[in-house]
Amino acid sequence: MDQFVTAFTIFVLAVFVGFEVIRKVPPPLHTPLTSASNAVSGITVVGALALAGHEGTLVEVLTFLAIVLATVNVVGGYGVTNRMLKMFKKG
Amino acid sequence: MSSGVVNLAYLIAAVCFIVAFKMMSSPRSAARGNTISSFGMLLAIVITVLQTKSLNVTLVASALLVGTAIGAWLAKSTSMTGMPQMVALLNGFGGGASLLVAGASLHAGDASGLQALIATGLSGIIGAVTFSGSLVAYGKLEEWKFLDGLRPKGHQAIVATLFASSIFAMVPMIVSPPGEMWFWIACAIASFLGVLLVVAIGGADMPVVICLLNSYSGLAAASTGFVLNNSMLIIAGSLVGASGLILTQIMCKAMNRSMANVILGAMDASTAAKADDVYGGKVKSASAEELAMLLADAQTIVIVPGYGLAVSQGQHALKDLASKLTARGAKVTYAIHPVAGRMPGHMNVLLAEADIPYDQVKEMDDINPEFKETDVAIVIGANDIVNPIAREPKGNPIAGMPILDVDQARTVIVLKRSLSPGFAGIPNPLFALPNTLMFYADGKKGLSDLATALKDA
């Protein structure tokens, strides 16, 4: 129970931080914001990597697929965000 | 490696993500922020690889390699026009990954205790909805025809039933673990739910759906954090969840609709006036040459891009026309409605791609007072976002939606292929106003014809 409350506290605080910080992103950057958060949600890759020490075909297949999907998310998300942000120029 | 060092590294990664989102508050710092965020991600991955016991190196290396190759290829090959599809696909992958991690940790016996089991269930359900919903969103954005108009009778009741049964199916897994079969049954039901939720949503609401799925992919990652009791995953996931939710709210506000109405309600165009009554004999059209003469004398010009510009890939032709107008001494600005295009901010990216400086691009609230002083407003492939009947308090599907006040400009040029209605399915009285001239053409072709005609004007 203690463990859950700690985790939940972190969750609630992080949501507040997220709202405060991300509210200030201006509308012209909303597409890069979305693709950047795509990349950040690829953080699940950490969860998948932590499972890569287990043996057994099913776990290995699931873990492999999870790492692939999350890595596509990370690399694709950061890559495309970078491409977009480099195009924004002041007149 | 001691768990202290690992957790410290995770904290640094989480701080990198927050700092990066903060740096997105300005286009000047945003690109550096993205680099910082990716550094945080790299750090998190490296630390996890180093601390995982008896790591299967071949599996990890090959999976990272395959994922990196696909991700890099996607990032490089996606066109700016296709950005909504790309984001939809990535949302889906994120959800899918969370679902797989939950399934794998359940099978490996890592998920034990009430917290971890409930979180595993949630990870599975949210992940599955995100995965299947995003794939359908991708298909709809790619305009796969078989996905059109699929809205079963009793849609809301079916959605509610599926949602309840996916939650219910998780109960046996939580009560008597591992119960893997129940986990996968719940995920299958949730996948079906995701398909049903997105398939019924209209084209105009696509920006909302993309934001919402983005938010879900973050929540799925956060619940994976609860499964593994990993604070950094929880923080990163909730940041994404918050980001998606904020954008969803902004989009809903810009359409004057509630989130529930977007997700569960269909737009009803039947109450609107008939096209013949609105347009009958009142619509005037003009040729590129006539319009070029008009533009040649204009001092202030506001350009309103819509989805039609994106599909015709006309952003470079637009820049070309705008340069010619500026060279003749006109002041050219761009006005962007919050829901123009198919994802928030999409138009800004397209204009940026065509080297249009971002300080010439104005948001709705800033530009609206200026239309009264505008000589010519050029609407390119936009419809509902400039429809004056939205100003009526009720009686039509877009009533109360804030719009760009282009009808207040001295002359309005509407570049559009035909008089066909926009996403809302209703006629637009703007096209029949005395100060409006229709220019029937494909976005890109029309813009380059105007530019050519302007040379001779």
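View 1. Residues 24 or more positions apart account for 71% of the contacts in chain A with a separation of 6 or more. Two residues are in contact if their C-beta atoms, placed from the backbone, lie within 7 Å. This is a predicted model: local features need pLDDT of at least 70, side-chain atom pairs count only at pLDDT 80 or more, and totals for chains, interfaces and linings use all residues. Residues are numbered from 1 along each chain as its sequence is written, while chains are lettered from A and ligands numbered from 1 in the order in which they are written.

Chain A has four helices and zero strands. Helices (H or I, at least four residues) and strands (E, at least two) are DSSP runs, numbered from the N terminus. The radius of gyration of chain A is 17 Å, well over the 12 Å that the globule rule gives for 91 residues, so chain A is more spread out than a compact globule. That radius is taken over C-alpha atoms, and the globule rule is 2.2 Å times the number of residues to the power 0.38. The C-alpha trace of chain A spans about 60 × 35 × 10 Å along its principal axes. Buried residues make up 67% of the 91 residues in chain A. A residue is buried if 20 or more other C-beta atoms lie within 10 Å of its own, exposed if 12 or fewer, and partly exposed in between; the C-beta atoms are placed from the backbone.

**View 2. Where chain A meets chain B.** Here 77 residues of chain A are in contact with 97 residues of chain B. On the side of chain A that touches chain B, α1 (2-22), α2 (30-41), α3 (44-50) and α4 (57-87) of chain A each supply at least two residues. The largest share, 29 residues, comes from α4(A). By class, this side of chain A has 47 nonpolar, 23 polar and seven charged residues. Ala, Val, Leu, Ile, Met, Phe, Trp, Tyr, Cys and Pro count as nonpolar, Asp, Glu, Lys and Arg as charged, and the others, Gly among them, as polar.

**View 3. A:Gly53 in a loop.** A:Gly53 sits in the loop between α3 and α4 of chain A. Is A:Gly53 buried or partly exposed? A:Gly53 counts as partly exposed, because it has 17 C-beta neighbours inside 10 Å. Leaving out residues up to four places away in sequence, A:Gly53 touches B:Thr52, B:Lys53, B:Ser54, B:Leu55 and B:Asn56. A:Val80 is 27 residues from A:Gly53 along the chain, and their C-alpha atoms are separated by 32 Å.

**View 4. Helix α2 of chain B.** This helix (residues 27-51) has 25 residues. From first C-alpha to last, α2(B) reaches 37 Å, close to the 36 Å expected at 1.5 Å a residue. The expected span is 1.5 Å times one less than the number of residues in the helix. Among the buried residues of α2(B) are B:Gly33, B:Ser37, B:Gly40 and B:Ala44. What covers the buried residues of α2(B) includes α2, α3 and α4 of chain A, together with α1 (3-23) and α9 of chain B.

**View 5. The two domains of chain B.** The domain assignment gives domain 1 (78-264) and domain 2 (275-456) of chain B. Domain bounds come from an automatic or database domain assignment. The centres of the two domains, taken over C-alpha atoms, are separated by 36 Å. In contact are 19 residues of domain 1 of chain B and 17 residues of domain 2 of chain B. On the side of domain 1 that touches domain 2, α4 (83-108), α8 (206-228) and α9 (231-254) of chain B each give two or more residues. That side of domain 1 has 15 nonpolar, four polar and no charged residues.

**View 6. The largest nonpolar core.** This core has 202 residues. A nonpolar core is a set of buried Ala, Val, Leu, Ile, Met, Phe, Trp, Tyr and Cys residues joined through C-beta atoms within 7 Å. Those with the most contacts inside the core are A:Ala66, A:Ile67, B:Ala236, B:Val304 and B:Val379. Helix α4(A) gives the most to this core, with 17 residues. Not counting residues up to four places away in sequence, A:Ile67 touches A:Val45, A:Ala48, A:Leu49, B:Val60, B:Ala63, B:Leu64 and B:Gly67.
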